[in-house]
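Subject: Structure handover

Hello,

Here is the structure I promised to pass on. Please open it alongside this message.

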Amino acid sequence: MKLILDSVIKTYGGHRALNGLQLDLLDARCLTLIGPSGGGKSTTLRLIAGLEKASSGRILVNDSPVPKNESELRSYRKSIGVVFQSYNLFPHLDALTNIALPLEKVHGVAKPESFERAHALLKQFKLEQHGRKKPSELSGGQNQRVAIARSLAHNPKLILFDEPTSALDPEMSAQILDVIEELIQDGKDCVIVTHQMGFAKRASDYAAFISGGKVAESGRSQELFTSP
Ligand code: ADP
Ligand code: ADP
């Protein structure tokens, strides 16, 4: 992916969450965003996702600006997948329907095909026995796999992850990171907010250290994470 954030400012009621953030990536497969809590990582991810609008500045994904008007935003959001720390699954729907319903209602895929794709994705993520279970009947790691499956259902090229392992114990966390690594190997691009430095070094080709609403440092992960 090509990703440019140019002088991006985002204010919340007078407070600058992002304060002239600058990032210029010409050809990245996986970018990790790291840095202290409150530094602006999630805000950056939400702006790239088109879930919120920048107060000023420019964001370009593969040479196209993240759109500002609602109808263009809707189609832009269809080209990406987003995975959150807290899964954001519908609690009253089973795993299968959590994947199939957005595919049908948001992406306009016919219902039978939506469920077929949901079945195939659950199988891919070794959850085929759990399709009829609701989030409360699944473990955190299983729910996150359902959420990742849902983010892939409409076949986006770019997937955005906001601390996808923060709510998980180390074992489940490792499982999820393996899943994400496989996605990257399968040719998906990703941007991931994570505290997992080992993963960042191993799986991402670029990293940006965000602090005080700015990119304090960025570069190739291998170099950035090599201690002097
Ligand atoms: P990080 O992901 O690095 O922890 P965030 O992007 O979540 O940082 O937050 C950056 C700053 O913006 C913090 O000071 C945070 O309190 C503030 N902030 C983030 N989201 C909101 C919001 N919706 N309303 C008000 N302030 C927010
Ligand atoms: P609605 O009334 O909301 O359109 P339906 O009564 O048609 O839903 O379906 C009820 C449930 O059956 C759905 O929530 C879903 O879990 C399941 N379902 C519907 N279509 C399929 C399908 N093609 N394959 C598997 N399960 C399906």
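My notes on sheets, cores and a few single residues follow.

This is a predicted model: local features need pLDDT of at least 70, side-chain atom pairs count only at pLDDT 80 or more, and totals for chains, interfaces and linings use all residues. Residues are numbered from 1 along each chain as its sequence is written, chains are lettered from A and ligands numbered from 1 in the order in which they are written, and side-chain values use heavy atoms, with hydrogens and water left out.

**Sheets**

Helices (H or I, at least four residues) and strands (E, at least two) are DSSP runs, numbered from the N terminus. Two strands pair if DSSP finds at least two bridges between them.

One open sheet has 6 strands, in the order β6-β7-β8-β3-β9-β10. Its pairing is mixed. β6 (80-84) and β10 (214-220) stand at the edges. Each has a single partner strand, so one side of each is left without a neighbour in the sheet. From one strand to the next, the twist averages 15 degrees. Axes here are lines fitted to C-alpha atoms, for helices over the stretch in contact, and angles run from 0 to 180 degrees between N-to-C directions. Strand β9 (residues 206-211) runs antiparallel to β10, and 6 bridges join them. Ala208 stands opposite Ser218 in β10.

Another open sheet has 4 strands, ordered β2-β1-β4-β5, with antiparallel pairing. Its edges are β2 (15-25) and β5. Each of these has a single partner strand, so one side of each lacks a neighbour in the sheet. Strands β1 (residues 3-12) and β4 (residues 56-61) run antiparallel and are joined by 5 bridges. Ile9 stands opposite Ser56 in β4.

Helix α1 packs on this sheet, touching β1, β2 and β4. Its direction makes about 115 degrees with that of β1. Helix α1 (residues 41-49) also lies across β3 (30-34), β6, β7, β8 and β9. There it runs at about 150 degrees to β7.

**Cores**

A nonpolar core is a set of buried Ala, Val, Leu, Ile, Met, Phe, Trp, Tyr and Cys residues joined through side-chain atoms within 4.5 Å. Buried means under 20% relative accessible area, exposed over 50%, partly exposed in between (1.4 Å probe, protein chains only).

The largest nonpolar core has 36 residues. Ile99, Phe125, Val146, Ile148, Phe161 and Ile180 have the most contacts inside it. Elements that each supply at least two of its residues include α3 (95-105), α4 (111-124), α5 (140-152) and β7 (158-162). α6 gives the most to this core, with 6 residues. Apart from it lies another core, of 30 residues, among them Leu23, Val66, Tyr76 and Val215.

Phe125 is in contact (heavy atoms within 4.5 Å) with Arg145, Ile148, Ala149, Leu152 and Val179, leaving aside its neighbours within four places in sequence.

**Single residues**

The structure holds 0 disulfides (cysteine sulfur pairs within 2.5 Å). Cys30 counts as buried, at 0% relative accessibility. Cys190 is buried too, at 2%.

Asn69 lies in the loop between β5 (64-65) and α2 (70-77). Its relative accessible area is 35%, so Asn69 is partly exposed. The side chains of Asn69 and Glu72 make a polar contact of 2.9 Å. A polar contact is a pair of N or O atoms within 3.5 Å; within protein, one must be able to donate a hydrogen and the other to accept it, and residues adjacent in sequence count only if both atoms are side-chain atoms. A polar atom of the Asn69 side chain also lies 3.2 Å from the backbone nitrogen of Ser71.

Best wishes
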